[in-house]
Amino acid sequence: MPTATAPPFVPAREAADLVPNLTGLACRECGEVEEVGLSHVCGFCFGPLEVVYDTDAISAVVSRERIEAGPPSLWRYGDLLPTLSSDPSHRVDLQTGLTPLRPAPRLAERLGLSELWLKDDTVNPSGSFKDRVVTVALSAGRALGIETFACASTGNLGNSVSAHAAAIGAPAYVFIPADLETGKVLGSAVHGPNLVTVRGNYDDVNRLCAEVADDTGWGFVNVNLRTYYAEGSKTIGFEIAEQLGWRFPDHVVAPIASGAMMVKIDKAFRELASYGLVDGDLPRVSGGQATGCSPVAEAFARGSFDVRPQKPDTIARSLAIGNPADGYYALKVADRTGGAIGHVPDDEIIAGIRLLAETEGVFAETAGGVTVANLKRMVEAGTIGRDERTVAVISGNGYKTVEAIADDVGPSFEVSPSLDDFLAQLS
Amino acid sequence: MPTVRIPTPLRKLTDGESQVAVAGSDLRTVVGNLGDAHPGLRERILDDSGELRRFVNVFVRDEDIRFQDGLDTPVAEDDTVSIVPAVAGGA
Ligand SMILES: Cc1ncc(COP(=O)(O)O)c(C=O)c1O
Ligand SMILES: [Zn+2]
């Protein structure tokens, strides 16, 4: 018997009466406070704005029991996310999150770790962790009365914005580099957005979108909605801790493009500790890049917080951001938690995809290969102790980037439909 | 004269103008003249030591000046200079 009920669909023509669990937006650098709205940059120093939660109100309600009784999606952590409206019709939700935290004993053994877990975000609705940030950004955007959504994307974000916008019938503009992988291009196009291919790399796309956002008033999830959007990645950290039985792991390894995800995973752990939801030592948080786009790893190696932009050249297209907005903060997280930020060449990325698929049955896109290959190097180098309870964030689905492995894997036999032929080849 | 594109957070200082024409044949001079014409702007773009602030990206001819000559990047008469907040994008 079907028992599901759908929330009423109410087109967001007007801004909701905002009932936010936020008190404002504050600049991370200079502390200037602004009202909750469509704003992401400090009007004073250009620093990033961050949401400021009404922590007293949240403390009064949040509990493990309340979270566990919530929906089987990332919205079980709604108290800890920027929620601008209590009207359920403003929530844009494809049931993202609460993805499996898989034990990975075979991969652990190959890497020489005693305990390894995979946060498997390949199974989100559009096949990457980007659904986490998009559900939060679009929900906030609708509460703010936004009708048209947009993004600058290395591929996965475009897929997710396209899917979510389609699900609410909202127009979308998705800007991507013109030469992305076919799966990434078609994975957006199929949902019917206005797909804009830009002759340039992601950093060109990003700069164009910053200017388009200024001009149009569209809700760019990673530009003028970025303050809300970025908070969605915290749910990776929340889920890891809940799925470990409300315990922290010792070490988390995440891929880095802009650096936002890594920064927010760390923030999640600190919030869980501050609300008394999890005790114990905070995890070390490390990041991985591809050598062909490694501005954050390069600064880490220099012992500097000054990220020098690069011109990306790597098969890890999803991570090919040469001028990462949160690179500075990712370096701060690695520094504060005792983590590291490394990089690996393209052949190791392919080997990482294969190793993960062959040992654990999880098929990741290139970003997952980057994570596994960096994890391997960090264990070999002793950066990650063999006894650390480690979690690798596998952030995107391998079917999106089949090009990466097309030269390396393929059929073992080609036979006619005849038993004799097959047995002959088998021997 | 070169055109400078002004992002939203700075338009309060340019009477709401999104583009202003400013003389100068290198970026440092352009920013200096911009600051003279619109008091307060220079401080938003440069820090106390006269370097670009951490969260400001500047593009001349659509190319990040960190791939060019920084504040010494030459600017031609019909060039466009874009000032873009660094945290704009995500992925
Ligand atoms: C699959 C995948 N993993 C990781 C990332 C990195 O995310 P961030 O930009 O938050 O560092 C991206 C960014 O596009 C991605 O697509
Ligand atoms: Zn500020």
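Is A:Thr148 buried or exposed? With a relative accessible area of 15%, A:Thr148 is buried, where buried stands for under 20% relative accessible area, exposed for over 50%, and partly exposed for anything in between (1.4 Å probe, protein chains only). Before we go on, please keep in mind that this is a predicted model, in which local features need pLDDT of at least 70 and side-chain atom pairs count only at pLDDT 80 or more, while totals for chains, interfaces and linings use all residues. Residues are numbered from 1 along each chain as its sequence is written, chains are lettered from A and ligands numbered from 1 in the order in which they are written, and side-chain values use heavy atoms, with hydrogens and water left out.

Let's stay with A:Thr148 for a moment. It sits in the loop between helix H4 (130-143) and strand E6 (149-152) of chain A; helices (H or I, at least four residues) and strands (E, at least two) are DSSP runs, numbered from the N terminus. Setting aside residues up to four places away in sequence, A:Thr148 touches A:Pro171, A:Tyr173, A:Trp218 and A:Gly219, a contact being heavy atoms within 4.5 Å.

Now to helix H9 of chain A. Nine of the ten residues of H9(A) are buried, so this helix is largely enclosed by the rest of the structure. Among these buried residues are A:Lys234, A:Phe238 and A:Glu239. A:Glu242, which lies in H9 (residues 234-243), is buried too, at a relative accessible area of 12%. Not counting residues up to four places away in sequence, its contacts are A:Ile67, A:Glu68, A:Arg76 and A:Tyr77. Just after H9(A) comes A:Gly245, with a positive phi of about 80°.

For a contrast, turn to A:Gly361. This glycine is found in the loop between helix H13 (346-360) and helix H14 (366-380) of chain A, and A:Gly361 is exposed, with a relative accessible area of 66%. Its C-alpha atom is separated by 31 Å from that of A:Thr337, 24 residues apart along the chain.

Next, the ligand. Where does ligand 1 lie? Ligand 1 lies between chains A and B. Of the 19 residues around ligand 1, those that come nearest are A:Asn156, A:Ser258, A:Gly259, A:Met261 and A:Ser395; a residue counts as near if one of its heavy atoms lies within 4 Å of the molecule. A polar side-chain atom of A:Asn156 is 2.7 Å from an oxygen atom of ligand 1. An N or O atom in the side chain of A:Thr154 is 3.2 Å from an oxygen atom of the ligand, and a backbone N or O atom of A:Ala260 lies 3.5 Å from an oxygen atom of ligand 1. The protein covers 99% of the 390 Å² of accessible area that ligand 1 has on its own, as computed by the Shrake-Rupley method with a 1.4 Å probe.

We finish in chain B, with B:Gln68. This residue is in the loop between strand E4 (63-64) and strand E5 (80-85), and at 23% relative accessibility B:Gln68 counts as partly exposed. Leaving aside neighbours within four places in sequence, B:Gln68 is in contact with B:Val60, B:Arg61, B:Glu63 and B:Thr73. With one of these, B:Arg61, the B:Gln68 side chain makes a side-chain to side-chain polar contact at 2.8 Å. Such a polar contact is a pair of N or O atoms within 3.5 Å; within protein, one must be able to donate a hydrogen and the other to accept it, and residues adjacent in sequence count only if both atoms are side-chain atoms.
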